[in-house]
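Hi there,

Here is the structure I promised to pass on. My notes on it follow below.

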Amino acid sequence: MRENMLKIRIVIVWIVVLVLSSASVSATDIGGSLSGTLTSAGNPYIVISDLTVPSGDSLTIEEGVEMRFNNGLKMTANGELYVNGTSTAPVVFTSNEAIPAIGDWEGIKIVLADAQIENAIFRYANTALRAAAAPISVTDCLFEFNQSGIYAWGCLTAPATIAGCFFRENGYGTTLEGAD
């Protein structure tokens, strides 16, 4: 009887191990120059070195994509950036730390190129979005646990549109310099 119980337990343990190993999440490491389209099929995307959207190129990030940034890393968009989350499948930008904290990653910097960001969640960045004299549109986004949500300058020459966004537990919500 004891021997049979032991065999049953061993079989159960092996079944659990097999189920857990087959259910493990595979991640996609990314870094460097990036353009084209990211889809949720590669989730989660682990940012292992600074990302750059080259000038003249564009990057589209589709609904449901999750990007986890390693400590101190950032994305710089010298080209166009389109973030197309939905209310049911937002795009998530967050820390890759086991225990995330405010400022773990640097954030996203938009430089002299269009950026349209809809239904995205930004967590644990230093400054989630920076716009350097770049026209940006940020709609229906959540900014939480960042040092700063949005920091934009040069807004008289490059318009910044921010609508329907929610800011929670940030050091600063929004800072606009040169705004009308």
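**The sheet and the core**

In this predicted model, 6 strands form an open sheet with parallel pairing, in the order β2-β4-β7-β10-β13-β16. Strands are DSSP runs of E, at least two residues, numbered from the N terminus, and two of them pair if DSSP finds at least two bridges between them. The edge strands, each pairing on one side only, are β2 (36–38) and β16 (160–163).

Inside the sheet, β7 (residues 80–84) runs parallel to β10 (residues 115–118), and 4 bridges join them. Leu81 stands opposite Ala115 in β10.

Leu81 also turns up in the largest nonpolar core, which has 38 residues; together with Ile61, Met67, Phe93 and Phe122, Leu81 touches the most other members. Such a core is a set of buried Ala, Val, Leu, Ile, Met, Phe, Trp, Tyr and Cys residues joined through side-chain atoms within 4.5 Å. Strand β3 (residues 45–53) gives the largest share of this core, 4 residues.

What about Ile110, buried or exposed? Ile110 counts as buried because its relative accessibility is 1%, and buried means under 20% relative accessible area, with a 1.4 Å probe and protein chains only. Ile110 lies in strand β9 (residues 107–111). Beyond four places in sequence, its contacts (heavy atoms within 4.5 Å) include Leu81 and Ala115.

For your own checks, residues are numbered from 1 along each chain as its sequence is written, and side-chain values use heavy atoms, without hydrogens or water. Local features need pLDDT of at least 70 and side-chain atom pairs count only at pLDDT 80 or more, while totals for chains, interfaces and linings use all residues.

Best wishes

Technical notes:
Buried < 20%, exposed > 50% of the residue type's maximum accessible area, 1.4 Å probe, protein only.
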